[in-house]
Amino acid sequence: HDLGLPRPELQHEFSVDGRCIARVDFWFPEQGVVVEFDGLVKYRAGEVRGARTAEEVVIAEKFREDAVRAVPGVRGLARLVWREVLPGGDAPSTLRRSGLPVPLASRTTPMW
């Protein structure tokens, strides 16, 4: 919103052959861009990972991302972490590279 982007679909589910392959954080259907917000706790905290190692979590996430990128209509995917969305962060550049129409002079200071 602060960057003037179109309204995304939140928690959009992608299905292949009737089977949900992923639920993504933000889906911009007109641009064909998925944006995922990565909380690093899923890689670091054992209580979140369960019995999986951090390496297994990263590998599973890589396969999931590959499956999302292979969905017809998905043309770009961006991953963001907290430091990128905080004031002065690199979120505008990351989102622009993914194919979203972020103005070059976009506001990076959140309105809240």
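User: Is Asp17 exposed or buried?

Analyst: Buried means under 20% relative accessible area, exposed over 50% and partly exposed in between, with a 1.4 Å probe and protein chains only. Asp17 sits in the loop between strand 1 and strand 2 (19-28), and its phi is positive, about 55°, although it is not a glycine. Because its relative accessibility is 81%, Asp17 counts as exposed.

User: What kind of model is this, and how are residues numbered?

Analyst: This is a predicted model, in which local features need pLDDT of at least 70 and side-chain atom pairs count only at pLDDT 80 or more, while totals for chains, interfaces and linings use all residues. Side-chain values use heavy atoms, without hydrogens and water, and residues are numbered along each chain as its sequence is written, from 1.

User: In what order do the elements of the chain run?

Analyst: Helices (H or I, at least four residues) and strands (E, at least two) are DSSP runs, numbered from the N terminus. The chain has 5 helices and 4 strands. From the N terminus on, the order is β-β-β-α-α-α-β-α-α.

User: Why does the pair of Phe14 and Trp27 count as edge-to-face?

Analyst: Rings of Phe, Tyr and Trp (its six-membered ring) pair if their centres lie within 6.5 Å; planes under 30 degrees apart count as stacked, over 60 as edge-to-face and the rest as tilted. The structure holds 2 aromatic pairs. In the pair of Phe14 and Trp27, the ring centres are 5.0 Å apart and the planes stand at 80°, so the pair is edge-to-face.

User: How many residues apart are Phe37 and Trp82?

Analyst: The rings of Phe37 and Trp82 also form an edge-to-face pair, with centres 5.0 Å apart and planes at 80°. Phe37 is partly exposed at 28% relative accessibility, whereas Trp82 is exposed at 53%. Phe37 lies in strand 3 and Trp82 in helix 4 (residues 82-85), so this pair links distant parts of the chain, 45 residues apart.
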